[in-house]
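Student: Please take one part of this model and go through it closely. I would then like to see how that part connects to its surroundings.

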Amino acid sequence: MSAEITESSLKIFSGSAHPDLTAEICQFLGIPTGNIEIRRFADGEAYCQILENIRGADVFVIQPTCPPADGNLMELLVMLDACKRSSAARITAVLPYYGYARQDRKDKPRVPISAKLVANLLSAAGTNRVLTMDLHKAQIQGFFDIPVDHLFAAPVIIDYCSRLAFPNLTIVSPDAGGAERARAYAKRLDADLAIIDKRRSDDGSAEVMNVVGDVTGQTCIIQDDIIDTAGTITNAARALKENGAERVLACAVHGVLSGPAIARLEAAPIDHLIITNTIPLSGDRARCSKIKVLSVARLLGQAIRSIHEETSVSSLFV
């Protein structure tokens, strides 16, 4: 029988990046959010003070490093250091969205591998374990010398898509790199698979989007892990329509939605964009009628409970 979760043994603290998600997780677990003061000095420096005793506690600090990425990352590091210096028994950094994940290799001369740098910073700040979701590349787990629990939002998104009950369903990868992920979705949804082959025209002036697979009369769901400026998925949606798709939807785990993303989505032939709440939405992003947000709080809460109770987390990885 699993040990009972108590306020004294498990502490969950929220950074300022996404307190609503932390509140949802704590509600699922039936415990209050930890008492912490977070503020900025006049010059922008991050400051925090933990306002309760956490000596010997199992502490989870929840903070997606979403925009502004630098500020949220520094705030997370300050919180982790405060937990370490307050004698927590174990500190788990929970990053629903792992910023800098796209800088995971040297693709040009004299550039950093920032995803590795962030891993080093988290360890140096006192993290004993990391819980994250849908890394841009799964190999980023190897950048850490501490345990990493890498969850996937696929069960949440697939459950929602299956309840839509669209006929003639095709899952579309917006590029060749995402084909494996799209294939996994297609298998679970009993759908066909198509891939967008993106290449430059002969004179290099424009991108040509070739659709690999027959999408005529199909309901197409473009599947990606991160949607940032939405250029890729909106171009892919137009290519699918030009190739005879009946309707186009898109889904992604992390809705960064920066810059011209919302304007592009509004103008694109996309019925709905399905994302999760790993990143909070505000302003135009929150008001966009095309966006449907699914919660991953239950999934993260189950993982936190399993880590705290020292039970298997592997059932959540599917």
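**Aromatic pairs and their surroundings**

Tutor: Phe 41 has a relative accessibility of 35% and so counts as partly exposed, a class that lies between buried (under 20% relative accessible area) and exposed (over 50%), computed with a 1.4 Å probe and protein chains only. The model is predicted, so local features need pLDDT of at least 70 and side-chain atom pairs count only at pLDDT 80 or more, while totals for chains, interfaces and linings use all residues. Residues are numbered from 1 along each chain as its sequence is written, and side-chain values use heavy atoms, with hydrogens and water left out.

Tyr 47, with a relative accessible area of 25%, is partly exposed as well. Searching the whole structure gives 2 aromatic pairs, where rings of Phe, Tyr and Trp (its six-membered ring) pair if their centres lie within 6.5 Å, and planes under 30 degrees apart count as stacked, over 60 as edge-to-face and the rest as tilted. One of them joins Phe 41 to Tyr 47 in a tilted arrangement, with 5.6 Å from centre to centre and 55° between the planes. Tyr 98 and Phe 144 form an edge-to-face pair, at 6.1 Å centre to centre and 70° between the planes. This pair links distant parts of the chain, 46 residues apart: Tyr 98 sits in the loop between strand 5 (90–95) and helix 3, and Phe 144 in the loop between strand 6 (129–133) and strand 7 (148–151). These helices (H or I, at least four residues) and strands (E, at least two) are DSSP runs numbered from the N terminus. Tyr 98 and Phe 144 are both buried.

Five strands form an open sheet in the order 1-4-5-6-7, with parallel pairing, two strands being paired if DSSP finds at least two bridges between them. Its edges are strand 1 (10–14) and strand 7, each of which pairs on one side only. From one strand to the next, the twist averages 15°. Strand 1 pairs with strand 4 (residues 58–62) in the parallel sense over 5 bridges, and Lys 11 stands opposite Val 59 in strand 4.

The axes of helix 2 (residues 69–85) and helix 3 (residues 114–124) come within 9 Å and cross at roughly 25°; axes are lines fitted to C-alpha atoms, for helices over the stretch in contact, and angles run from 0 to 180 degrees between N-to-C directions. That crossing makes helix 2 roughly parallel to helix 3, since angles under 35 degrees count as roughly parallel, over 145 as roughly antiparallel, 65 to 115 as roughly perpendicular and the rest as oblique. Leu 73, Leu 76, Leu 77, Leu 80 and Lys 84 of helix 2 make the contact (heavy atoms within 4.5 Å) with Val 118, Leu 121, Leu 122 and Ala 124 of helix 3. By class, this contact has 8 nonpolar, no polar and 1 charged residues, with Ala, Val, Leu, Ile, Met, Phe, Trp, Tyr, Cys and Pro counted as nonpolar, Asp, Glu, Lys and Arg as charged, and the others, Gly among them, as polar.

Asn 72 also lies in helix 2 and, at 6% relative accessibility, counts as buried. Leaving aside residues up to four places away in sequence, Asn 72 touches Ser 16, Ala 17, Gln 63, Pro 64, Thr 65, Cys 66 and Pro 67.
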